Amino acid sequence: MTSSSRDVIDPETISLVAYESSIKSGTHGEVYQKQLALVLLLRLTREGKNFRLAYELTSADKFDDVVLYDKTAKQWIFLQSKHADGKESKIDLNGLLPKTNREKGDFSLYKYFTSYMIIRNRFKGKTNFVLFTNKRLDEKLTTAEDCLTIQDRYVDEYLRFTSKGASQKLLIPTESTIQSIMEYTNKDLYSLKDAIKQLFTKGIITDQLLKYKVYLKNVLTESENCQVRFTNTFNDSLIFISELYRRLQSEIHNFKPIVKPPELDVKEIEYGSINLSSEEFKHLADAIENLFRGGIVSDYLKKYEDLLALILTTTVHGQLAFKDTFKSDVVSKAELYKMLKTELSDMNTVITLKKKLFDGKDLRNKQHSVLFYAEASDVRQFFTLLTLSVHQPEELEPFIVEELHSWMKTWLRPDVLVSISDSNHHDETVSVLLPRLLPH
């Protein structure tokens with residue numbers, strides 16, 4: 001789903017307690033996943049951390065198993081658990097970068113990058129990602145430097161489960177790997193470009209057009225007599241808006257509507273080509289950030305006042321706010337526009353179809369296919385935020401017992417603790433507490 005500002009998950013205002021599980025109850029994977037969630041819950045609570053925890057949070061896409069939010073650091077940690085039941089199989093290069101079936105591999109970095117692109121636009125705050133598994137890395141990966149290199153990395157103590165060697169790994173992709181992930185991520189956008197080109201040159205409605213009907217509602221417009229053309233807003237200004245969005249992307253979730261300064265006059269005006277240098281873009285982004293953070297109207301902002309109408313609007317309450325269209329998919333639409341402008345001779349062409357392309361039901365449906373445009377910087381950032389946590393314990397229940405025992409030391413008087421310290425009584429206590437604490 002493409003996210004708008006209204007789709008953003010703000011942990012300060014949204015509860016994370018609901019569980020939505022699609023895995024089969026009782027499988028070793030589910031048990032391991034529940035144990036992981038429980039250990040983290042116990043550790044963080046015992047340490048007095050200010051946090052929230054969710055289990056099977058479907059809005060986190062592929063990183064939905066366990067989701068933590070550190071309220072102090074305003075940081076998310078998305079954990080995906082992959083447990084091998086007594087198997088000696090290892091994670092090899094084809095497991096991380098499969099040549100085929102790139103959406104199906106348990107450790108496919110292609111599919112996890114797509115999830116990262118979804119999550120970063122959906123969740124407010126800093127993000128980190130962990131692939132947590134009891135599998136080991138194949139020794140041959142040490143000679144795979146033409147695809148990626150692997151380094152040890154530090155993680156917080158509450159995510160540490162073994163002291164045998166360095167199990168937390170940072171993956172550093174080569175330029176060829178970055179290019180491969182970009183090409184895979186962008187393939188649907190390029191296919192959609194070809195489908196639109198066929199629509200305007202041959203009048204053909206392909207499955208790709210039908211798949212992305214909702215995405216296309218700001219790209220194409222259709223009259224009652226089945227005439228289709230590009231929308232008026234699908235023009236050169238998209239390139240400007242896309243560049244500005246990229247520069248403000250990390251902070252956009254933090255900007256709330258503000259009282260409109262009287263010295264700014266934001267009017268609804270359509271634009272064509274806009275030529276700003278990289279330095280001018282930076283200054284304008286800084287000026288917009290200062291406006292929403294401190295209400296500062298700089299001379300630089302006044303200089304480009306007319307351009308603000310492309311991204312800002314005045315609400316019915318007289319507040320200045322970002323338009324709903326100023327969201328992540330503007331990046332892919334700008335790229336789509338650039339490609340079509342190069343390959344179509346006339347962007348003002350109107351074609352008449354034999355049947356309607358859109359209908360009201362399609363456009364009201366919020367659940368629609370995701371479409372991204374990834375750049376090299378996006379891929380590099382993903383790898384920076386990802387930890388591959390390998391060679392983890394086969395069972396996590398001993399860690400739960402250890403945490404409960406530590407808690408018991410604080411709950412019970414020393415004489416009571418001594419009386420239950422033998423293994424039989426200790427196991428009885430744990431067997432009573434575990435069912436109450438495990439997620440259902």
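Strand 10 (residues 227-230) and strand 14 pair through two bridges in the antiparallel sense. This belongs to a predicted model, in which 23 salt bridges are found. The points below cover strand pairing, salt bridges, surface charge and selected loop residues.

- Within the pairing of strands 10 and 14, Val-228 stands opposite Ile-351 of strand 14.

**Strand 5 and its parallel partners**

- Strand 5 (residues 126-133) has six of its eight residues buried, so the rest of the structure largely encloses it.
- Strand 3 (residues 75-82) pairs with strand 5 in the parallel sense over eight bridges.
- Leu-79 has Val-130 in strand 5 as its bridge partner.
- Strand 5 is also joined to strand 15 by four bridges, and these two strands run parallel.
- Phe-132 stands opposite Ser-389 in strand 15.

- Glu-403 and Arg-43 meet through their side chains in a salt bridge (3.7 Å, N to O).
- Glu-403 is in helix 12 and Arg-43 in helix 1 (residues 28-46), so this pair ties together parts 360 residues apart in sequence.
- Glu-403 counts as buried, at 5% relative accessibility, and Arg-43 is buried with a relative accessible area of 9%.
- Glu-403 also forms a salt bridge with the side chain of Arg-46 (2.7 Å, N to O).
- Here too the link is between distant parts of the chain, with Arg-46 in helix 1 and Glu-403 in helix 12, 357 residues apart.
- Arg-46 is partly exposed, with a relative accessible area of 41%.

**Other salt bridges**

- Lys-338 and Glu-335 form a side-chain salt bridge (3.3 Å, N to O).
- These two residues, Lys-338 and Glu-335, are three residues apart in helix 9 (residues 329-343), which means a separation of about one helical turn.
- Lys-338 counts as partly exposed at 37% relative accessibility, whereas Glu-335 is buried, with a relative accessible area of 15%.

- Asp-85, Glu-88, Glu-394, Glu-395 and Glu-397 form a negative surface patch.
- Glu-394 is located in the loop between strand 15 (386-389) and helix 12 (397-411).
- Glu-394 has a relative accessible area of 40% and is therefore partly exposed.
- His-391 is placed in the loop between strand 15 and helix 12.
- His-391 has a phi near 55°, a positive value in a residue other than glycine.
- With a relative accessible area of 32%, His-391 is partly exposed.

**Further loop residues**

- Asp-61, in the loop between strand 1 (51-55) and strand 2 (66-70), has a phi near 55°, a positive value in a residue other than glycine.
- Asp-61 counts as partly exposed, at 29% relative accessibility.
- Ala-144 lies in the loop between strand 6 (136-137) and strand 7 (148-152).
- Ala-144 counts as buried because its relative accessibility is 5%, and the cut-off for buried is under 20%.
- The C-alpha atoms of Ala-144 and Asp-92 are separated by 9.8 Å, with the two residues 52 residues apart along the chain.

Note on methods. Residues numbered from 1 in each chain as written. Predicted model: local features only at pLDDT ≥ 70, side-chain atom pairs only at ≥ 80, totals over all residues. Heavy atoms only, no water. Patch = residues over 30% accessible without salt bridge, like charges linked within 9 Å, V, L, I, M, F, W, Y side chains within 5 Å. Areas by Shrake-Rupley, 256 points an atom, 1.4 Å probe, with all protein chains shown as cover. Salt bridge = Lys/Arg side-chain N within 4 Å of Asp/Glu carboxyl O. Lys, Arg positive; Asp, Glu negative; His and termini not counted. Charge placed at Lys NZ, Arg CZ, Asp CG, Glu CD. Buried < 20%, exposed > 50% of the residue type's maximum accessible area, 1.4 Å probe, protein only. Pairing = 2+ DSSP bridges.
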